[in-house]
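This report walks through one protein structure, from the contact between its chains to details inside them. Please keep the sequence and the structure in view while reading.

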2 protein chains.
Amino acid sequence: MAFPLPDPMRRALALAEAAAMEGEVPVGAVIVRNGEVLAEGGNAPRRLSDPTAHAEMIAIRAAAERIGADRLQECELWVTLEPCAMCAGAIALARIARVYYGAPDPKGGGVEHGARVFAQPTCHHRPEVYSGIGEREAGALLRTFFQARR
Amino acid sequence: MAFPLPDPMRRALALAEAAAMEGEVPVGAVIVRNGEVLAEGGNAPRRLSDPTAHAEMIAIRAAAERIGADRLQECELWVTLEPCAMCAGAIALARIARVYYGAPDPKGGGVEHGARVFAQPTCHHRPEVYSGIGEREAGALLRTFFQARR
(Lines give C-alpha, C1' and ligand atoms only; values in the text may rest on other atoms or scores of the structure.)
Protein backbone atom coordinates (compact mmCIF):
# COMPACT_ATOMS: atom_id res chain seq x y z
CA MET A 1 0.00 0.00 0.00
CA ALA A 2 1.43 3.31 -1.05
CA PHE A 3 1.03 6.34 1.19
CA PRO A 4 2.79 9.70 1.15
CA LEU A 5 5.91 9.93 3.31
CA PRO A 6 5.72 12.27 6.30
CA ASP A 7 7.34 15.67 5.67
CA PRO A 8 10.33 15.15 8.02
CA MET A 9 11.30 11.91 6.27
CA ARG A 10 10.97 13.56 2.88
CA ARG A 11 13.27 16.33 4.10
CA ALA A 12 15.72 13.75 5.52
CA LEU A 13 15.77 11.99 2.14
CA ALA A 14 16.51 15.30 0.40
CA LEU A 15 19.41 15.87 2.84
CA ALA A 16 20.68 12.35 2.12
CA GLU A 17 20.58 13.06 -1.62
CA ALA A 18 22.46 16.33 -1.09
CA ALA A 19 25.12 14.45 0.92
CA ALA A 20 25.60 12.02 -1.98
CA MET A 21 26.16 14.96 -4.32
CA GLU A 22 29.07 15.95 -2.05
CA GLY A 23 30.51 12.43 -2.23
CA GLU A 24 29.32 11.44 1.23
CA VAL A 25 27.36 8.28 2.05
CA PRO A 26 23.75 9.45 1.62
CA VAL A 27 22.14 9.76 5.04
CA GLY A 28 19.98 12.64 6.23
CA ALA A 29 18.37 13.51 9.56
CA VAL A 30 15.81 15.99 10.86
CA ILE A 31 14.85 16.85 14.45
CA VAL A 32 11.27 17.94 15.09
CA ARG A 33 9.66 19.33 18.23
CA ASN A 34 5.92 19.94 18.40
CA GLY A 35 5.68 19.70 14.63
CA GLU A 36 8.44 22.29 14.10
CA VAL A 37 11.76 21.43 12.45
CA LEU A 38 14.43 22.36 15.02
CA ALA A 39 17.53 21.20 13.19
CA GLU A 40 18.74 18.98 10.39
CA GLY A 41 21.90 17.41 9.06
CA GLY A 42 23.42 15.53 6.17
CA ASN A 43 26.24 13.02 6.56
CA ALA A 44 29.55 14.91 6.17
CA PRO A 45 32.57 13.24 7.82
CA ARG A 46 34.85 13.74 4.82
CA ARG A 47 33.77 17.25 3.95
CA LEU A 48 34.10 18.38 7.58
CA SER A 49 37.16 16.24 8.46
CA ASP A 50 35.15 14.95 11.40
CA PRO A 51 34.58 11.21 11.95
CA THR A 52 31.65 12.06 14.24
CA ALA A 53 29.83 14.13 11.60
CA HIS A 54 27.02 11.68 10.86
CA ALA A 55 23.68 13.22 9.89
CA GLU A 56 22.14 12.45 13.29
CA MET A 57 25.07 13.94 15.24
CA ILE A 58 24.98 17.16 13.23
CA ALA A 59 21.23 17.48 13.79
CA ILE A 60 21.45 16.65 17.52
CA ARG A 61 24.24 19.14 18.13
CA ALA A 62 22.42 21.87 16.21
CA ALA A 63 19.11 21.23 18.00
CA ALA A 64 20.80 21.30 21.43
CA GLU A 65 22.59 24.51 20.56
CA ARG A 66 19.32 26.05 19.40
CA ILE A 67 17.48 25.00 22.58
CA GLY A 68 20.45 25.94 24.77
CA ALA A 69 20.40 22.65 26.69
CA ASP A 70 22.00 19.22 26.44
CA ARG A 71 18.68 17.37 26.53
CA LEU A 72 16.14 17.11 23.72
CA GLN A 73 13.34 15.48 25.69
CA GLU A 74 10.34 16.42 23.60
CA CYS A 75 12.04 15.94 20.28
CA GLU A 76 11.78 13.30 17.62
CA LEU A 77 14.55 12.34 15.21
CA TRP A 78 13.82 11.32 11.64
CA VAL A 79 16.74 9.65 9.85
CA THR A 80 16.99 7.77 6.57
CA LEU A 81 19.19 4.92 7.87
CA GLU A 82 19.33 2.89 11.08
CA PRO A 83 21.63 4.82 13.45
CA CYS A 84 25.07 3.33 14.21
CA ALA A 85 26.28 2.70 17.78
CA MET A 86 27.74 6.21 18.06
CA CYS A 87 24.52 7.89 16.94
CA ALA A 88 22.29 5.59 19.01
CA GLY A 89 24.41 6.43 22.05
CA ALA A 90 24.03 10.14 21.33
CA ILE A 91 20.25 9.75 20.89
CA ALA A 92 20.04 8.12 24.33
CA LEU A 93 22.28 10.76 25.94
CA ALA A 94 20.14 13.51 24.39
CA ARG A 95 16.96 11.89 25.75
CA ILE A 96 15.26 12.07 22.35
CA ALA A 97 11.68 10.84 22.72
CA ARG A 98 11.10 9.09 19.39
CA VAL A 99 13.26 7.85 16.52
CA TYR A 100 11.91 7.16 13.04
CA TYR A 101 14.33 5.55 10.65
CA GLY A 102 14.08 4.37 7.07
CA ALA A 103 16.37 1.56 5.98
CA PRO A 104 17.83 -1.02 8.38
CA ASP A 105 21.64 -1.28 8.34
CA PRO A 106 22.69 -4.89 8.98
CA LYS A 107 26.36 -4.04 8.38
CA GLY A 108 26.70 -0.95 10.56
CA GLY A 109 23.49 -0.38 12.52
CA GLY A 110 23.43 -0.12 16.30
CA VAL A 111 19.69 -0.20 17.04
CA GLU A 112 18.35 -3.51 15.71
CA HIS A 113 21.81 -4.85 14.85
CA GLY A 114 25.22 -5.17 16.50
CA ALA A 115 25.53 -3.11 19.67
CA ARG A 116 21.71 -2.80 20.03
CA VAL A 117 22.42 0.24 22.18
CA PHE A 118 18.88 0.89 23.41
CA ALA A 119 18.46 -2.72 24.59
CA GLN A 120 21.47 -2.60 26.95
CA PRO A 121 21.23 -2.19 30.73
CA THR A 122 23.85 0.58 30.37
CA CYS A 123 21.38 2.62 28.28
CA HIS A 124 19.64 5.09 30.56
CA HIS A 125 17.02 6.34 28.10
CA ARG A 126 15.17 4.31 25.51
CA PRO A 127 13.39 6.26 22.80
CA GLU A 128 10.36 4.84 21.04
CA VAL A 129 11.66 3.47 17.74
CA TYR A 130 9.75 3.20 14.47
CA SER A 131 11.47 1.79 11.39
CA GLY A 132 10.70 1.26 7.73
CA ILE A 133 9.24 4.69 6.92
CA GLY A 134 10.98 5.72 3.70
CA GLU A 135 12.97 2.47 3.67
CA ARG A 136 12.55 1.95 -0.06
CA GLU A 137 13.65 5.49 -0.97
CA ALA A 138 16.56 5.53 1.50
CA GLY A 139 17.75 2.12 0.35
CA ALA A 140 17.61 3.18 -3.30
CA LEU A 141 19.78 6.24 -2.58
CA LEU A 142 22.38 4.09 -0.81
CA ARG A 143 22.44 1.42 -3.53
CA THR A 144 22.85 4.01 -6.28
CA PHE A 145 25.67 5.67 -4.35
CA PHE A 146 27.63 2.49 -3.72
CA GLN A 147 27.05 1.10 -7.21
CA ALA A 148 28.48 4.29 -8.73
CA ARG A 149 31.63 3.91 -6.60
CA ARG A 150 32.39 0.34 -7.52
CA MET B 1 53.34 -1.98 42.94
CA ALA B 2 53.34 1.75 42.46
CA PHE B 3 54.69 3.23 39.23
CA PRO B 4 54.37 6.69 37.76
CA LEU B 5 51.40 7.21 35.43
CA PRO B 6 52.22 7.90 31.77
CA ASP B 7 52.11 11.60 30.89
CA PRO B 8 48.97 11.40 28.68
CA MET B 9 46.96 9.78 31.49
CA ARG B 10 48.20 12.37 33.96
CA ARG B 11 47.06 15.07 31.56
CA ALA B 12 43.69 13.33 31.07
CA LEU B 13 43.24 13.23 34.85
CA ALA B 14 43.99 16.96 35.07
CA LEU B 15 41.36 17.59 32.37
CA ALA B 16 38.88 15.45 34.31
CA GLU B 17 39.57 17.47 37.46
CA ALA B 18 39.06 20.72 35.53
CA ALA B 19 35.72 19.39 34.21
CA ALA B 20 34.59 18.71 37.78
CA MET B 21 35.41 22.30 38.72
CA GLU B 22 32.94 23.35 36.01
CA GLY B 23 30.25 21.08 37.44
CA GLU B 24 30.69 18.41 34.77
CA VAL B 25 31.18 14.70 35.43
CA PRO B 26 34.98 14.43 35.68
CA VAL B 27 36.29 12.71 32.56
CA GLY B 28 39.29 13.79 30.52
CA ALA B 29 40.83 12.56 27.26
CA VAL B 30 44.03 13.11 25.30
CA ILE B 31 44.95 12.04 21.77
CA VAL B 32 48.60 11.28 21.05
CA ARG B 33 50.35 10.57 17.75
CA ASN B 34 54.01 9.55 17.65
CA GLY B 35 54.44 10.77 21.21
CA GLU B 36 52.99 14.20 20.46
CA VAL B 37 49.74 15.43 22.02
CA LEU B 38 47.43 16.22 19.09
CA ALA B 39 44.30 17.19 20.98
CA GLU B 40 42.56 16.93 24.31
CA GLY B 41 39.16 17.39 25.87
CA GLY B 42 37.27 17.55 29.14
CA ASN B 43 33.68 16.42 29.54
CA ALA B 44 31.42 19.42 28.87
CA PRO B 45 27.84 18.57 27.77
CA ARG B 46 26.21 21.08 30.12
CA ARG B 47 28.64 23.90 29.61
CA LEU B 48 28.47 23.54 25.81
CA SER B 49 24.75 22.60 25.62
CA ASP B 50 25.84 19.57 23.62
CA PRO B 51 24.86 16.03 24.64
CA THR B 52 27.68 14.67 22.46
CA ALA B 53 30.39 16.73 24.19
CA HIS B 54 32.07 13.91 26.06
CA ALA B 55 35.82 14.27 26.62
CA GLU B 56 36.63 11.67 23.95
CA MET B 57 34.39 13.30 21.35
CA ILE B 58 35.88 16.74 21.90
CA ALA B 59 39.39 15.31 21.59
CA ILE B 60 38.56 13.23 18.50
CA ARG B 61 36.93 16.15 16.69
CA ALA B 62 39.81 18.47 17.54
CA ALA B 63 42.43 15.93 16.42
CA ALA B 64 40.63 15.29 13.12
CA GLU B 65 40.32 19.01 12.49
CA ARG B 66 44.01 19.47 13.22
CA ILE B 67 45.01 16.62 10.89
CA GLY B 68 42.48 17.68 8.26
CA ALA B 69 41.07 14.17 7.83
CA ASP B 70 38.30 12.04 9.28
CA ARG B 71 40.61 9.17 10.21
CA LEU B 72 43.08 9.08 13.10
CA GLN B 73 44.84 5.84 12.16
CA GLU B 74 48.14 6.30 13.94
CA CYS B 75 46.67 7.87 17.04
CA GLU B 76 46.10 6.64 20.54
CA LEU B 77 43.40 7.87 22.88
CA TRP B 78 43.97 8.16 26.62
CA VAL B 79 40.79 8.60 28.66
CA THR B 80 40.12 8.43 32.39
CA LEU B 81 36.87 6.40 32.13
CA GLU B 82 35.67 3.50 29.99
CA PRO B 83 34.12 5.07 26.87
CA CYS B 84 30.32 4.88 26.48
CA ALA B 85 28.65 3.39 23.38
CA MET B 86 28.67 6.77 21.60
CA CYS B 87 32.36 7.36 22.22
CA ALA B 88 33.34 3.76 21.43
CA GLY B 89 31.47 4.09 18.15
CA ALA B 90 33.33 7.31 17.37
CA ILE B 91 36.68 5.68 18.25
CA ALA B 92 35.95 2.89 15.76
CA LEU B 93 34.78 5.31 13.05
CA ALA B 94 37.95 7.38 13.57
CA ARG B 95 40.11 4.26 13.22
CA ILE B 96 42.04 5.09 16.40
CA ALA B 97 44.81 2.52 16.85
CA ARG B 98 44.94 2.17 20.64
CA VAL B 99 42.72 3.11 23.57
CA TYR B 100 43.99 3.39 27.14
CA TYR B 101 41.33 3.95 29.76
CA GLY B 102 41.41 4.31 33.52
CA ALA B 103 38.31 3.26 35.43
CA PRO B 104 35.76 0.74 34.14
CA ASP B 105 32.16 2.03 33.96
CA PRO B 106 29.74 -0.82 34.72
CA LYS B 107 26.75 1.55 34.63
CA GLY B 108 27.46 3.39 31.38
CA GLY B 109 30.46 1.85 29.63
CA GLY B 110 30.30 0.54 26.08
CA VAL B 111 33.63 -1.28 25.76
CA GLU B 112 33.69 -4.04 28.39
CA HIS B 113 30.06 -3.46 29.42
CA GLY B 114 26.67 -3.06 27.75
CA ALA B 115 26.93 -2.47 24.01
CA ARG B 116 30.53 -3.85 23.87
CA VAL B 117 30.87 -1.90 20.65
CA PHE B 118 34.28 -3.22 19.57
CA ALA B 119 33.13 -6.85 19.95
CA GLN B 120 30.24 -6.51 17.48
CA PRO B 121 30.30 -7.76 13.88
CA THR B 122 28.99 -4.29 12.91
CA CYS B 123 32.23 -2.73 14.22
CA HIS B 124 34.60 -2.25 11.30
CA HIS B 125 37.68 -1.26 13.27
CA ARG B 126 38.81 -2.66 16.60
CA PRO B 127 41.45 -0.66 18.44
CA GLU B 128 43.83 -2.31 20.86
CA VAL B 129 42.37 -1.63 24.31
CA TYR B 130 44.30 -1.31 27.58
CA SER B 131 42.42 -0.59 30.80
CA GLY B 132 43.24 0.13 34.43
CA ILE B 133 45.98 2.73 33.93
CA GLY B 134 45.05 5.53 36.31
CA GLU B 135 41.97 3.61 37.45
CA ARG B 136 42.48 4.49 41.12
CA GLU B 137 42.92 8.22 40.45
CA ALA B 138 40.05 8.40 37.92
CA GLY B 139 37.73 6.49 40.24
CA ALA B 140 38.59 8.77 43.17
CA LEU B 141 37.73 11.87 41.10
CA LEU B 142 34.35 10.40 40.12
CA ARG B 143 33.50 9.28 43.67
CA THR B 144 34.36 12.68 45.13
CA PHE B 145 32.26 14.39 42.45
CA PHE B 146 29.16 12.27 42.97
CA GLN B 147 29.45 12.27 46.78
CA ALA B 148 29.50 16.08 46.78
CA ARG B 149 26.29 16.15 44.70
CA ARG B 150 24.24 13.85 46.92
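B:Asp50 and A:Arg61 form a salt bridge, with 2.9 Å between the closest N and O atoms; a salt bridge here is a side-chain nitrogen of Lys or Arg within 4 Å of a carboxyl oxygen of Asp or Glu. The model is predicted, so local features need pLDDT of at least 70 and side-chain atom pairs count only at pLDDT 80 or more, while totals for chains, interfaces and linings use all residues. Residues are numbered from 1 along each chain as its sequence is written, chains are lettered from A and ligands numbered from 1 in the order in which they are written, and side-chain values use heavy atoms, leaving out hydrogens and water.

## The contact between the chains

How many salt bridges are there between chain A and chain B? The count is 2. In one of them, the side chains of B:Arg61 and A:Asp50 meet at 2.9 Å, N to O. This pair joins two chains, because B:Arg61 lies in helix α3 (residues 55-67) of chain B and A:Asp50 in the loop between α2 and α3 of chain A. Helices (H or I, at least four residues) and strands (E, at least two) are DSSP runs, numbered from the N terminus. A:Asp50 is buried, at 7% relative accessibility, whereas B:Arg61 is partly exposed at 26%.

On the side of chain A that touches chain B, the elements giving two or more residues are α2 (45-48), α3 and α4 (85-93) of chain A. The residues on this side are 15 nonpolar, 12 polar and 6 charged. In this grouping, Ala, Val, Leu, Ile, Met, Phe, Trp, Tyr, Cys and Pro are nonpolar, Asp, Glu, Lys and Arg are charged, and the others, Gly among them, are polar.

Chain A gives 33 residues to the contact and chain B gives 33 residues, where contact means heavy atoms within 4.5 Å. About 2400 Å² of area is buried between the two chains, and carbon and sulfur atoms give 64% of it. Buried area is the accessible area (1.4 Å probe) that two parts lose on being put together, summed over both.

Over all chains, the structure holds 12 salt bridges.

| Pair | N to O distance |
|---|---|
| B:Arg66 and B:Glu36 | 3.0 Å |
| B:Arg98 and B:Glu76 | 3.2 Å |

B:Arg98 lies in strand β4 (residues 98-103) of chain B and B:Glu76 in strand β3 (residues 75-81), so this pair ties together parts that are 22 residues apart in sequence. B:Arg98 is partly exposed, with a relative accessible area of 25%, whereas B:Glu76 is buried at 14%.

## A covered helix

How many residues of helix α4 (residues 85-93) of chain B are buried? The helix is mostly covered, with 8 of its 9 residues buried. Among the buried residues are B:Met86, B:Cys87 and B:Ile91. Their cover includes parts of both chains: α3 and α4 of chain A, and α3, β3 and β4 of chain B. After α4(B) comes B:Arg95, which has a positive phi near 60°.

## A residue from the record

UniProt, in an unreviewed entry, lists A:Glu56 for "active site". UniProt positions are given in the numbering used here, feature names are shortened, and annotations may be inferred rather than shown by experiment. A:Glu56 is in helix α3 (residues 55-67) of chain A. Its relative accessibility is 4%, so A:Glu56 counts as buried. Not counting residues up to four places away in sequence, A:Glu56 touches several residues, including A:Val27, A:Leu77, A:Cys84 and A:Cys87.

Key: Buried means under 20% relative accessible area, exposed over 50%, partly exposed in between (1.4 Å probe, protein chains only).
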